[in-house]
Amino acid sequence: MTPPLESDTIDLTKTKSNPETSCSSKPDEADLIDLYVKHIPSVNGVYVNGSIQNINVILTIDTGASISLVSKSLFDKICQSEKPKLHPRVPKLRNADGNAIPCFGSSKLSMMLGPLYVEKNFVIADITDDVLIGADLLLDKDGPADLLFSRGLIVFRGVEIPIQTSAYI
């Protein structure tokens, strides 16, 4: 059987939106019948559960990427009251095929990489994954991350972070 091109899971909680701030509050019990769909990667790779600006996402560990990226679609979902300024200066980026990656700017974002809190400048780009963690973060000035497939984790800044190595998390 051929694996699907894209896999989604359904979360049975819905958040109420506040149109003034585009923020969400915790769901009430009456809201539990509504649904939303969370994107799950469908390509074999290395993934970590985390968040960007308090939005839960699956982070893709990309050891071939020189710079960490956040998708434009994820950046657009950040609550207006929490959305940091987008700075226009960004490097010209190319994907593995040599094609240009459209970039929209860079922004300092808060991230939970598993249980580890990190603030980092990310390039906001037109990418499929929500977040790509590249060498600029993995080769941190305080010491590089150790990717330990045999133990199913990354050790980064002394913190053990569980990884998933299957597309179907």
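Modeller: The discussion below moves from the overall fold to strand pairing, salt bridges and a single residue. Please keep in mind that this is a predicted model.

Colleague: How many helices and strands are there in the protein chain?

Modeller: The protein chain has two helices and 15 strands. Of its 169 residues, 36% count as buried. The accessible surface amounts to about 10,300 Å², and 52% of that area belongs to carbon and sulfur atoms.

Colleague: What do the contacts say about separation in sequence?

Modeller: Taking contacts in the protein chain between residues at least 6 apart in sequence, 54% join residues at least 24 apart.

Colleague: How should I read the arrangement of strands?

Modeller: Strands of a sheet pair through backbone hydrogen bonds, in either a parallel or an antiparallel sense. Here, six strands close into a barrel, in the order S5-S6-S12-S7-S11-S10, with mixed pairing. From one strand to the next, the twist averages 45°.

Colleague: Which strands form an open sheet, and in what order?

Modeller: Three strands do so, in the order S13-S14-S15, and their pairing is antiparallel. S13 and S15 stand at the edges with a single partner strand each, so one side of each has no neighbour in the sheet. Neighbouring strands of this sheet are turned by 25° against each other on average, direction ignored. The pairing of S13 with S14 runs over three bridges, and Leu-147 stands opposite Ile-154 in S14.

Colleague: Which strands does S5 pair with?

Modeller: One partner is strand S6, residues 55–61, which pairs with S5 in the antiparallel sense over seven bridges. Along this pairing, Val-46 stands opposite Ile-61 and Tyr-47 opposite Thr-60. S5 and S6 form a hairpin with two residues between them, and Gln-53 in the turn has a positive phi of about 50°. Another partner is strand S10, residues 103–113, which runs antiparallel to S5 and is joined to it by three bridges. There, Ile-52 has Met-111 of S10 as its bridge partner.

Colleague: How are salt bridges to be read, and how many does a search of the whole structure find?

Modeller: Side chains of opposite charge can pair when their charged atoms come close. The search of the whole structure finds five salt bridges. One of them links Lys-120 with Asp-136, whose closest N and O atoms are 2.6 Å apart. Lys-120 lies in strand S11 (residues 116–125) and Asp-136 in helix H2 (residues 135–138), so this pair ties together parts that are 16 residues apart in sequence.

Colleague: Which residue forms a salt bridge with Arg-157?

Modeller: The partner of Arg-157 is Asp-140, with the closest N and O atoms 2.9 Å apart. Arg-157 lies in the loop between strands S14 (153–156) and S15 (159–162), and Asp-140 in the loop between H2 and strand S13 (146–148), so the pair ties together parts 17 residues apart in sequence. Arg-157 is partly exposed at 37% relative accessible area, whereas Asp-140 is buried at 10%. In a further salt bridge, the side chains of Arg-151 and Glu-160 meet at 2.9 Å, N to O. Glu-160 counts as partly exposed, with 43% relative accessibility.

Colleague: Where does the backbone nitrogen of Leu-74 lie relative to the side chain of Ser-71?

Modeller: The backbone nitrogen of Leu-74 lies 3.0 Å from a polar atom of the Ser-71 side chain.

Methods:
Residues are numbered from 1 along each chain as its sequence is written. This is a predicted model: local features need pLDDT of at least 70, side-chain atom pairs count only at pLDDT 80 or more; totals for chains, interfaces and linings use all residues. Side-chain values use heavy atoms; hydrogens and water are left out. A polar contact is a pair of N or O atoms within 3.5 Å; within protein, one must be able to donate a hydrogen and the other to accept it, and residues adjacent in sequence count only if both atoms are side-chain atoms. A salt bridge is a side-chain nitrogen of Lys or Arg within 4 Å of a carboxyl oxygen of Asp or Glu. Helices (H or I, at least four residues) and strands (E, at least two) are DSSP runs, numbered from the N terminus. Buried means under 20% relative accessible area, exposed over 50%, partly exposed in between (1.4 Å probe, protein chains only). Contact means heavy atoms within 4.5 Å. Accessible areas come from the Shrake-Rupley method with a 1.4 Å probe; for residues, only the protein chains shown count as cover. Two strands pair if DSSP finds at least two bridges between them. Axes are lines fitted to C-alpha atoms, for helices over the stretch in contact, and angles run from 0 to 180 degrees between N-to-C directions.
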